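The points concern a single residue, then the domains, then the contact between the chains.

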Amino acid sequence: MNIRCKKPQISRDKVKKFFLGSKDKQGFGKMTIIYALLICIGFVYLYPLLYMISRSFMPLDDLLDTSVDWIPSTFYIKNYVNAAKSMNFWKTFGQSVIIAGLPTLLNVVVCSIIGYGFARYNFRGKKIMLGILIFSFILPAQVTMMPNYVWYSDLKILNSLNAFILPAALGQGLKSQIFILIFYNFFRQVPQALIEASKIDGAGHFKSFVKIALPSAAPAILVVFLFSIVWYWNESYLTQLYVCGAVSKSDWSTLVVSLKNFADSYTTQASVTGSGMVSLNESIKMSGTMLSILPLLIMYFVLQRQFVESLDRTGITGE
Amino acid sequence: MSREKTVKRKTGHLKKKEEHVGYLFVLPWIIGMLLFVIYPLTQSFQYAFYKIKMTPKGRVLTWVGMKNYLDIWQKDVNFPTELAGYALNTLLAVPVIVVFALIISLLLNSKIRMKGVFRLIFFLPVIIASGPVMAQLADQGAATIPSMNTVMIYQVLNGFLPGMIAEAITNLFDNMIMILWYSGVQILLFLAAIQKIDKSLYEAAKIDGSSTWEEFWKITLPTIKPMVLLTAVYTVIFLSNNEQNGLIVLIQSAMFDVSRGYGYASAMAWMYAIIVTVIVALVAVLLITKKDAYAKKEKAYRRELKKEKRTLAKVRRKGERYEHKMQKTSN
């Protein structure tokens, strides 16, 4: 610790002030600790991602070579090519977008309507309904999963996209409860006077919702949209069970689900194409993983500013 | 919800109409609730008492009573051990996640540069942490902090703790990054709560000569205490619905297993649900905010007042009755 001050005398008080800070200024020492902590934890956070990126570019030789630790000797793109081939990337990607996108749109529309209904109107049994809403969030999905599976197959919506669309259209999609609560909280903050004014001007109940409440709810909509699409995208278990088919395969698949079965599908693919493909190794697995999260990463980096800002404004916390 | 409590009156026509519109708005949810939650719930409850066989003609249900439940505890090898492991891991992981999220959100809330970049990093796991991705990463050994020697930790802990708990703690360290990755949403919740705290509170404390440390314990923590409960409950639910969870895999495998089937899996799911509820209740009891002393005193005072009023009324009534009687006798 060498402190070089221009001033000749360094009093003990001054040094203390410099490191620990005074009442109105953060001290240098304290700031260093905060930054050090943040950077260290940030690195720990990023470590798996960095590891994944670095590994995904390594050719087989680098994997075996112990002297290569982080930076691959050549950027071996072929890993990605092979992984994409085995995952059937473009087709699966398109299906993933549909499987995550359609229920998400429904979630946004339906949850906003329901949230508005809860926030704006008083009716008997509202408290009980909100209680049930929270209860259904706490309830482990496993309890209803099995009968739902049977129930869907009775309704003939199993192994098709409808198995996601129908519940989402009725406000029972993936974690819809949270979204309803987000909208509920948000619409409660919309001043009642605004809606009453629109009523005096002759707007009906639905029109005042669409024209007055909804446009002011843009941040909430963005948050719900993003979270919903992320959760649908990442949901592999229910997707596999309801949409892709656990027993009999439908031709629906998502990137995350195909990642789950990556090893099997890769080996079969490799045996079909023959010599063209290298046998499965760590790097190819990592490239597959990378491919499955890449679309979300891109979306996140593009939308992150709006995302963080609207998170602040939605009051996601919900007292 | 309805803050203005009006005098009870027959609901007017207009108000009734409003009510109907309200029902109309939440109608989709009610239908969905009945169709996709309540109905399956009753079904699942019923299934747990049956042995269900899938035949080409359809499902054949045979009544077996409590046998499914008994089998789970008496004959199944995996379920009790998995369940115990799950409960232990969850109880250990929840405090770690909550405290960690709190620390991170406090750090993020301090006056620093590049706040945006750090936020970006800490919210990243929310976006990419899905089951298979986690599985792949854990498979590659990217889930541990590289230079952490867990064997040492295990040996040290094993010296004075029972083997199972020591193993669970070691497991926690083994999957440290995963655990940290799970705290994305929690950080979000805490950050939002901390930002809502009134700044003037801190200013007042500063004038009184408080340190940051004191401010944290006396202002920040008490204010966000309800949020701690919410976060803890969310964490428990998240961990139990997680695809990395061994129990879920077990339930699913039982579901498509010929010898066990839906009934058995349903019973398992119910057992699991009960355990989850118990853990949630435990967390809630531990963290629920106690009413503060003033509120308690106020309530006691109100009660006292009411009692006094009642005794007064009683005395008066007694007196009236007595007078009445006296009048009668004098007449």
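**Notes on the predicted two-chain model**

1. B:F45 is partly exposed, because 14 other C-beta atoms lie within 10 Å, a count between the 12 or fewer of an exposed residue and the 20 or more of a buried one. The model is predicted, and this should be kept in mind for each point below.

2. B:F45 belongs to helix α1 of chain B, which covers residues 13-47.

3. For chain B, the domain assignment gives domain 1 as 21-66 and domain 2 as 69-289. The C-alpha centres of these two domains of chain B are 31 Å apart.

4. How many residues of domain 1 of chain B are in contact with domain 2 of chain B? There are 8, and they meet 9 residues of domain 2. On the domain 1 side, α1 and β1 (50-55) of chain B each supply at least two residues. The largest share, 4 residues, comes from β1(B). By class, this side of domain 1 of chain B divides into 5 nonpolar, 1 polar and 2 charged residues.

5. For chain A, the assigned bounds are 31-76 for domain 1 and 87-314 for domain 2. Their C-alpha centres lie 32 Å apart. The contact between them takes 7 residues from domain 1 of chain A and 8 residues from domain 2 of chain A.

6. Which elements give two or more residues to the side of domain 1 of chain A that touches domain 2 of chain A? They are α2 (28-56) and α3 (60-64) of chain A. Of these, α2(A) provides the largest share, with 4 residues. The classes on this side of domain 1 of chain A are 5 nonpolar, 1 polar and 1 charged.

7. The contact between the two chains takes 71 residues from chain B and 69 residues from chain A. On the side of chain B, α1(B) gives the most, with 20 residues. That side of chain B has 52 nonpolar, 13 polar and 6 charged residues.

8. Helix α1 of chain B therefore deserves a reader's attention under several headings, because the helix, a DSSP run, holds B:F45, supplies at least two residues to the domain 1 side that touches domain 2 of chain B, and gives the most to the side of chain B that touches chain A.

Technical notes. Residues are numbered from 1 along each chain as its sequence is written. Chains are lettered from A and ligands numbered from 1 in the order in which they are written. This is a predicted model: local features need pLDDT of at least 70, side-chain atom pairs count only at pLDDT 80 or more; totals for chains, interfaces and linings use all residues. Domain bounds come from an automatic or database domain assignment. Ala, Val, Leu, Ile, Met, Phe, Trp, Tyr, Cys and Pro count as nonpolar, Asp, Glu, Lys and Arg as charged, and the others, Gly among them, as polar.
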